[in-house]
Amino acid sequence: MGLKIDRKQDKRVVHACTHMLADIPNGVTVCSSELVAGGILQEGTALGGKDAAGLYHVVKTARLTEDATATTKAYKVAKGHHFKVGDFIMLKVGAKAYKITSINTSETLYDTINVGTTLGEFATAGAALVLAAAESADTKSAFKYVPKAMTGDSYDVEALNNHFVTAVTIGQFKESVIPAVSDDIKAALPGISLI
């Protein structure tokens, strides 16, 4: 095994987790194949879905940067999300969910997530698009991974390298500096307080 040296520039970090009262002992391993390589797994990202191999999965979200109407098919979202073409998105559990057909990353301030069929609901800027389990043309959408914890720190996402992370189950986070969190995610994480 050879020596690997990574050269990085330190950046000022604003921590989102202000109080960690309980976590999953010894941390968890997060599956990286579903994440965007070269991105950042941000502190305060919801985790869920422990699989048979013991890997946890990210509950992907994206924050809308402008209002969406009941006919919108192109959703403008903040950069830094981990959605990929083929993922299913919903605005809330029990609403419609459709597959992402393309993602335009050419703009500097936002990405545009395109779906073939509108999600059919009005949503204000700041609301969250959430990863859904499957396509749903009616009111049966559900989480792909039910939230169980939040990441206690930020991590660089490297391709072909699952990530060992701190998973906070009871704690307090600054909502303004974590990824978008829907009301459904908040309800699934009663031990997490957002300030």
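Author: Leaving aside neighbours within four places in sequence, Ile192 is in contact with Met150, Val168, Thr169, Ile170, Gly171 and Phe173. Keep in mind that this is a predicted model.

Reader: ok, and where is the place of Ile192?

Author: Ile192 belongs to strand E16, which covers residues 192-194.

Reader: Is Ile192 buried or exposed?

Author: Ile192 counts as buried because its relative accessibility is 12%, and the cut-off for buried is under 20%.

Reader: What separates the C-alpha atoms of Ile192 and Lys60?

Author: A distance of 17 Å, with the two residues 132 apart along the chain.

Reader: Switching topic. How many residues has the largest nonpolar core?

Author: It has 37 residues. Those with the most contacts inside it are Leu64, Phe83, Ile89, Ile113, Leu129, Phe173 and Ile185.

Reader: Which elements give two or more residues to this core?

Author: They are strands E7 (74-77), E8 (88-90), E9 (97-104), E10 (111-115), E11 (128-132) and E15 (167-173). Of these, E11 gives the most, with 5 residues.

Reader: How many residues of E11 are buried?

Author: 5 of the 5, so E11 is largely enclosed by the rest of the structure.

Reader: And what do bridges join to E11?

Author: Strand E6, residues 61-63, is joined to E11 by 3 bridges, and the two run antiparallel. In that pairing Ala62 stands opposite Leu129. E8 is also joined to E11 by 3 bridges, again antiparallel, and there Phe88 stands opposite Ala132.

Reader: Back to Phe83. What is Phe83 in contact with?

Author: Setting aside neighbours within four places in sequence, Phe83 is in contact with Val36, Lys60, Thr61, Ala62, Ile89, Ile100, Ile103, Ile113, Leu129, Val130 and Leu131.

Reader: Which residues are in the other core?

Author: That core lies apart from the largest one and has 13 residues, among them Val28, Val30, Leu35 and Tyr155.

Reader: New one: His163. Buried or exposed?

Author: His163 is buried, with a relative accessible area of 7%. Its place is in strand E14, residues 163-165.

Reader: Which backbone atoms lie 3.3 Å and 3.0 Å from a polar atom of the His163 side chain?

Author: The backbone nitrogen of Glu158 lies at 3.3 Å, and the backbone oxygen of Asn161 lies at 3.0 Å.

Reader: What else is His163 in contact with?

Author: Beyond its neighbours within four places in sequence, His163 is in contact with Val28, Thr29, Val30, Ser32, Asp156, Val157 and Glu158. Val28 and Val30 are among the residues of the 13-residue core.

Terms used. Residues are numbered from 1 along each chain as its sequence is written. This is a predicted model: local features need pLDDT of at least 70, side-chain atom pairs count only at pLDDT 80 or more; totals for chains, interfaces and linings use all residues. Side-chain values use heavy atoms; hydrogens and water are left out. Helices (H or I, at least four residues) and strands (E, at least two) are DSSP runs, numbered from the N terminus. Buried means under 20% relative accessible area, exposed over 50%, partly exposed in between (1.4 Å probe, protein chains only). A polar contact is a pair of N or O atoms within 3.5 Å; within protein, one must be able to donate a hydrogen and the other to accept it, and residues adjacent in sequence count only if both atoms are side-chain atoms. Contact means heavy atoms within 4.5 Å. A nonpolar core is a set of buried Ala, Val, Leu, Ile, Met, Phe, Trp, Tyr and Cys residues joined through side-chain atoms within 4.5 Å. Two strands pair if DSSP finds at least two bridges between them.
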